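Please keep the sequence and the structure in view while reading.

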Amino acid sequence: MLSNTKTITTPVLVLQAGADTAVTPEAQDTFCLNLKKETGNSCASGGPIKFDGAKHELFIESDHYRNLAISTILDFFSTERVK
């Protein structure tokens with residue numbers, strides 16, 4: 001993804017689990033920065049949306065994190081569809 005950022009033309013939403021031990025947040029942060037720099041587009045909310053305390057897989061997390069992630073995704077799709 002980092003090497004192909006300039007080819008991305010669709011809106012992007014990046015969700016970041018704050019307590020993730022499988023993926024480092026730096027790569028996600030860098031991706032969003034590169035997207036803005038290379039295309040003029042940015043990740044939704046300007047960067048990754050971070051869920052502090054959540055672990056790697058947001059869809060099989062506790063209800064609290066899963067519900068927040070799903071709500072964020074639905075809001076993103078609803079907003080982007082209007083544009």
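1. Aromatic pairs. Rings of Phe, Tyr and Trp (its six-membered ring) are taken as a pair if their centres lie within 6.5 Å; planes under 30 degrees apart count as stacked, over 60 as edge-to-face, and the rest as tilted. By this rule there is 1 aromatic pair. The pair is tilted because the rings of Phe76 and Phe77 have their planes at 55 degrees, with their centres 5.8 Å apart. Relative accessible area, computed with a 1.4 Å probe on protein chains only, sorts residues into buried (under 20%), exposed (over 50%) and partly exposed (in between). Phe76 is buried at 13%, whereas Phe77 is exposed at 52%.

2. Basis and confidence. The model is predicted: local features need pLDDT of at least 70, side-chain atom pairs count only at pLDDT 80 or more, and totals for chains, interfaces and linings use all residues. Residues are numbered from 1 along each chain as its sequence is written, and side-chain values use heavy atoms, with hydrogens and water left out. The pLDDT is the predictor's confidence in each residue, from 0 to 100. The chain averages 90, and 95% of the residues score at least 70. Helices (H or I, at least four residues) and strands (E, at least two) are DSSP runs, numbered from the N terminus.

3. Nonpolar cores. A nonpolar core is a set of buried Ala, Val, Leu, Ile, Met, Phe, Trp, Tyr and Cys residues joined through side-chain atoms within 4.5 Å. Which residues make up the largest nonpolar core? The 7 residues are Ile8, Val12, Val14, Phe31, Cys32, Leu35 and Cys43. A second, separate core has 6 residues, among them Ala17, Phe51, Leu58 and Tyr65. In soluble globular proteins, nonpolar side chains tend to be buried together.

4. Gln16. This residue belongs to strand β1 (residues 15–17). Is Gln16 buried or exposed? Gln16 has a relative accessible area of 5% and is therefore buried. A polar contact is a pair of N or O atoms within 3.5 Å; within protein, one must be able to donate a hydrogen and the other to accept it, and residues adjacent in sequence count only if both atoms are side-chain atoms. The side chains of Gln16 and Asp29 are joined by such a contact, of 3.3 Å.

5. Salt bridges. A salt bridge is a side-chain nitrogen of Lys or Arg within 4 Å of a carboxyl oxygen of Asp or Glu. The count by this rule is 2. Lys50 and Asp52 meet in a salt bridge at 3.7 Å, N to O; Lys50 is partly exposed at 48%, and Asp52 is exposed at 56%. Arg66 forms a salt bridge with Asp63, with the closest N and O atoms 2.1 Å apart. Both Arg66 and Asp63 lie in helix α2, 3 residues apart, about one turn of the helix.

6. Thr79. Helix α2 (residues 63–82) also contains Thr79. With a relative accessible area of 44%, Thr79 is partly exposed. The side chain of Thr79 reaches the backbone oxygen of Asp75 at 2.9 Å. Thr79 and Ala69 are 10 residues apart along the chain, and their C-alpha atoms are separated by 15 Å.
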